[in-house]
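Reader: I would like to learn how to read a structure like this one feature by feature, with the criteria stated before the conclusions. Could we begin with the terms and then go on to the case at hand?

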Amino acid sequence: ANNRGCPPDGVELGRCSWMFLHTIAAYYPETPSQDQQTDMRQFIHLFSKIYPCQECAEHMQLRLKVSPPATENRIQFSQWMCNLHNDVNVRLGKPIFDCSRVDERWLDGWKDGSCD
Ligand code: FAD
């Protein structure tokens with residue numbers, strides 16, 4: 001954990017970036033306008049170009065070609081983000097996250113009330 005005011009390493013940058021990306025997805029509109037959908041697709045595309053970890057950015061760009069952002073609505077986009085993250089989890093040998101619980105993790109809090 002970086003509580004010493006030091007520059008982030010790849011782990012910390014990744015953790016904070018996923019928090020940002022999943023939270024953006026959690027608050028994406030239920031019925032986005034065409035402009036909102038275009039903005040989000042462009043944002044994800046640009047994010048994959050500027051992410052300051054070259055290996056990560058290259059993998060994300062390849063993944064976007066195969067699986068472009070599903071920006072139709074909040075649920076589709078949150079699931080798409082979860083799958084993107086799971087793709088990285090698999091590559092890094094980390095556990096797969098259960099995408100049916102993505103709203104509990106990033107929007108509503110766990111059903112057992114532990115976030116209340
Ligand atoms: P993280 O993977 O950072 O996850 C943070 C939290 O998100 C977890 O604790 C969990 O609660 C939740 N979570 C986990 N999976 C999901 C999911 N599928 N959906 C929703 N929530 C979930 N690192 C590399 O070494 N090589 C790479 O190529 C690489 N590519 C990356 C690409 C991107 C776009 C990003 C944002 C990060 C990348 N990283 C990469 C960093 C890596 O994914 C992790 O962020 C880092 O290793 C820290 O992992 P962590 O175990 O703390 O949890």
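Predicted model: local features only at pLDDT ≥ 70, side-chain atom pairs only at ≥ 80, totals over all residues.

Author: Helices (H or I, at least four residues) and strands (E, at least two) are DSSP runs, numbered from the N terminus. Residues are numbered from 1 along each chain as its sequence is written.

Reader: Is cysteine 53 buried, exposed or partly exposed, and what does cysteine 53 touch?

Author: A residue is buried if 20 or more other C-beta atoms lie within 10 Å of its own, exposed if 12 or fewer, and partly exposed in between, with C-beta atoms placed from the backbone. Cysteine 53 counts as partly exposed because it has 14 C-beta neighbours inside 10 Å. Two residues are in contact if their C-beta atoms, placed from the backbone, lie within 7 Å. When residues up to four places away in sequence are not counted, cysteine 53 touches Gly10 and Leu13.

Reader: Where is cysteine 56, and is cysteine 56 buried, exposed or partly exposed?

Author: Cysteine 56 is in helix H3, and because 17 other C-beta atoms lie within 10 Å of it, cysteine 56 is partly exposed.

Reader: Which residues are closest to the ligand, and which elements give two or more residues to the shell around the ligand?

Author: A residue is near a molecule if its C-beta atom, placed from the backbone, lies within 6 Å of it. In this model 22 residues surround the ligand, and the closest are Gly14, Cys56, Cys82, His85 and Phe97. Two or more residues of the shell come from each of helix H1 (10-26), helix H3 (54-66), helix H4 (74-92) and helix H5 (102-108); the largest share, 7 residues, comes from H1. For the classes, Ala, Val, Leu, Ile, Met, Phe, Trp, Tyr, Cys and Pro count as nonpolar, Asp, Glu, Lys and Arg as charged, and the others, Gly among them, as polar. On that scheme the shell has 10 nonpolar, 8 polar and 4 charged residues.

Reader: Which residues form the largest nonpolar core?

Author: A nonpolar core is a set of buried Ala, Val, Leu, Ile, Met, Phe, Trp, Tyr and Cys residues joined through C-beta atoms within 7 Å. The largest one here has 7 residues, namely Ala25, Phe77, Met81, Cys82, Leu84, Val102 and Trp106. H4 and H5 each supply at least two residues of this core, and H4 gives the most, with 4 residues. Valine 102 touches Ser78, Gln79 and Cys82, again leaving out residues up to four places away in sequence.

Reader: How many helices and strands does the protein chain have, and why does it count as compact?

Author: The protein chain has 5 helices and 0 strands. The radius of gyration, taken over C-alpha atoms, is compared with a globule rule of 2.2 Å times the number of residues to the power 0.38. For the protein chain the radius of gyration is 15 Å, close to the 13 Å that the rule gives for 116 residues, so it is as compact as a globular protein of that length. Buried residues make up 9% of the 116 residues in the protein chain.
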